[in-house]
Amino acid sequence: MVLKVIFSLGHSQDSGVKILNTDKLGLIEILEASSEGVAIIDANNTFVYENYIFSNFDNNFKQQLLDSHQDRYTEGYNIRVKEVQGNRVIYVDKKVLQSTQSDGLLAKMLSKVRNSNNVFNSTVEAINEITGWRWIFVTRFVGKNTVEVISFWNTDQHMEGGSYLLENTPCEVMVRNKKYTLFTDVAASFIENEMLSELGAKSYAGLVYYGKDQQPIGHVMCMHDSNDVDYKFMEDVIKLASLAISSDLLLVHAQSALKDAVELANIDSLTQLQNRTAFEEMCSQASLNYILDKQDTSIAIIDLNDFKLYNDSFGHPKGDILLRLFATELAKIGRTKDCSFRLGGDEFALLLQSSSAESLQRIEKQFIELQHRLSLMLGQKVSASIGIAHLSEVAGNIHQCYVLADKRMYEIKATCKLERVE
């Protein structure tokens with residue numbers, strides 16, 4: 001909307017804010033009906049009009065907008081500025097970001113985290129900066145039922161942390177699921193939790209981050225006192241934040257992990273996923289289950305694309321980090337009963353028990369998101385190919401099932417190479 005009117009300025013008798021005498025033009029009705037927050041600032045840098053949505057913004061936020069002279073994104077809002085006859089018209093919107101915008105903001109967050117001496121403090125600050133969520137926590141788990149806050153952002157500043165019991169909290173649900181967890185009215189969902197009630201918390205988003213042994217060692221938790229937030233974008237942000245923390249911990253412990261890894265018969269020492277030996281044992285059991293009661297199992301064979309080129313370009317230590325990060329993300333795919341493996345080199349596998357068409361579609365979607373997050377994390381294109389086959393397709397023959405999944409994976413990999421050549 002571009003305003004092409006001559007403004008006649010007056011004053012409200014019951015406030016210090018000027019109003020626009022434009023009722024005859026119907027302009028006020030148009031602005032009040034807008035789905036955006038709209039304000040007009042005169043040449044003296046004074047608000048002369050605020051529509052209903054804008055008037056409900058926090059005063060500190062409004063004060064920041066007085067300095068807005070160009071389009072930008074801040075506090076979780078898209079801000080557009082138009083110059084009209086010596087006045088500034090400011091539009092404030094919370095629309096879902098386009099993928100190119102969100103990628104840029106996620107990259108900005110990663111840059112901020114990477115360039116900080118304290119990954120935890122920079123993570124909470126960056127999340128607040130690009131989403132506007134009010135309370136951001138990074139925690140670590142102590143024992144079975146205690147959570148220690150190691151970094152806490154409250155509204156506009158870092159605050160001292162503390163600790164709390166995991167029981168009867170949304171974090172308990174998140175830790176149990178080991179998946180991204182969201183509550184749209186968290187205080188109402190945990191009515192016995194006095195802290196949530198006192199805060200007036202509404203929205204909650206949380207996800208665990210992992211250490212070198214693939215076990216959750218803490219989580220990123222975000223809360224806000226409103227439901228008027230962009231949940232879709234928040235999921236991207238919090239998943240990338242947890243991956244950034246995991247990455248930092250892996251880099252810190254990379255050398256010691258190689259030396260200290262226990263060479264267990266069924267564990268891959270580099271990624272801590274189960275290895276080929278464990279995969280073959282579980283495949284044999286899956287074949288037997290199919291013969292006995294027709295319990296179907298799916299095999300997914302996965303291969304990183306151009307991994308040799310990545311190693312040659314960035315060195316084997318960076319290649320090992322990529323394998324570790326990929327394994328960390330792969331372990332989150334599917335359900336609790338699904339298993340992930342490293343078969344060797346850059347070849348991985350999943351065993352998916354009794355998977356429906358719907359659950360397989362969800363896994364494929366998660367697989368695409370995994371590659372996208374790793375690409376942003378590493379600043380390099382990361383892609384992988386996956387082929388899936390089911391025991392029911394080959395009458396329970398586990399070897400044929402593996403061969404079929406492997407064949408489908410290489411068919412997809414060949415298509416990726418063809419696209420790159422073209």
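**Loops, strands, helices and enclosed spaces in a predicted model**

Lys-294 lies in the loop between α10 (276–293) and β15 (297–304), where helices (H or I, at least four residues) and strands (E, at least two) are DSSP runs, numbered from the N terminus. The structure is a predicted model, in which local features need pLDDT of at least 70 and side-chain atom pairs count only at pLDDT 80 or more, while totals for chains, interfaces and linings use all residues. Residues are numbered from 1 along each chain as its sequence is written, and side-chain values use heavy atoms, with hydrogens and water left out.

Phi of Lys-294 is positive, near 60 degrees, and Lys-294 is a residue other than glycine. With a relative accessible area of 60%, Lys-294 is exposed; buried means under 20% relative accessible area, exposed over 50%, and partly exposed in between (1.4 Å probe, protein chains only). Asn-45, which is not a glycine either, has a positive phi of about 60 degrees. Asn-45 is placed in the loop between β3 and β4 (47–50). Its relative accessible area is 32%, so Asn-45 is partly exposed.

Strand β7 (residues 87–93) has neighbouring strands on which it pairs; two strands pair if DSSP finds at least two bridges between them. Strand β3 (residues 37–41) pairs with β7 in the antiparallel sense over 5 bridges, and Ile-40 has Val-89 of β7 as its bridge partner. Strand β6 (residues 77–84) also runs antiparallel to β7, and 7 bridges join β6 to β7. Here the bridge partner of Val-81 is Ile-90 in β7. The hairpin of β6 and β7 has 2 residues between the strands, and Gln-85 in this hairpin takes a positive phi near 50 degrees.

In a regular strand the side chains alternate between the two faces of the sheet. In β7, Asn-87, Val-89, Tyr-91 and Asp-93 are on one side, Arg-88, Ile-90 and Val-92 are on the other, and all are buried, so both faces are covered. The count for β7 is accordingly 7 buried residues of 7.

Helix α12 (residues 316–330) has 15 residues, which at 1.5 Å a residue should span 21 Å; the end C-alpha atoms are 21 Å apart, which agrees. The expected span is 1.5 Å times one less than the number of residues of the helix. Helix α12 is mostly covered, with 11 of its 15 residues buried. Among them are Gly-319, Ile-321, Arg-324, Phe-326, Glu-329 and Leu-330.

Leu-330 is also one of the residues that Ala-349 touches. Ala-349 belongs to strand β17 (residues 347–353) and is buried, with a relative accessible area of 0%. Its contacts (heavy atoms within 4.5 Å) also include Phe-279, Ala-300, Ile-301 and Cys-339, not counting residues up to four places away in sequence. Ala-349 and Ile-299 are 50 residues apart in sequence and 7.1 Å apart in space, C-alpha to C-alpha.

Asn-128 is in helix α5 (residues 119–131). With residues up to four places away in sequence not counted, Asn-128 touches Trp-133, Arg-134, Ile-136, Trp-153 and Thr-155.

Spaces were found on a 1 Å grid over the protein atoms alone: a cavity is a set of points where a 1.4 Å probe fits but cannot get out, a pocket is an open set with protein on both sides within 12 Å along at least five of seven lines, and lining residues have an atom within 4 Å of a point. Grid points are joined across faces, edges and corners, and a volume is the space filled by probe spheres set on the points.

The second largest pocket has a volume of about 550 Å³. Of the 24 residues that line this pocket, Lys-178, Gln-214, Ala-331, Asp-338 and Ser-340 are the closest to its centre. At least two lining residues come from each of α6 (170–177) and β16 (339–344). The lining of this pocket divides into 9 nonpolar, 8 polar and 7 charged residues; Ala, Val, Leu, Ile, Met, Phe, Trp, Tyr, Cys and Pro count as nonpolar, Asp, Glu, Lys and Arg as charged, and the others, Gly among them, as polar.

The count of cavities of 30 Å³ or more comes to 1. The largest cavity holds about 50 Å³ of space. Its lining includes Tyr-164, Pro-170, Asn-193, Leu-196 and Met-223, and divides into 7 nonpolar, 2 polar and no charged residues.
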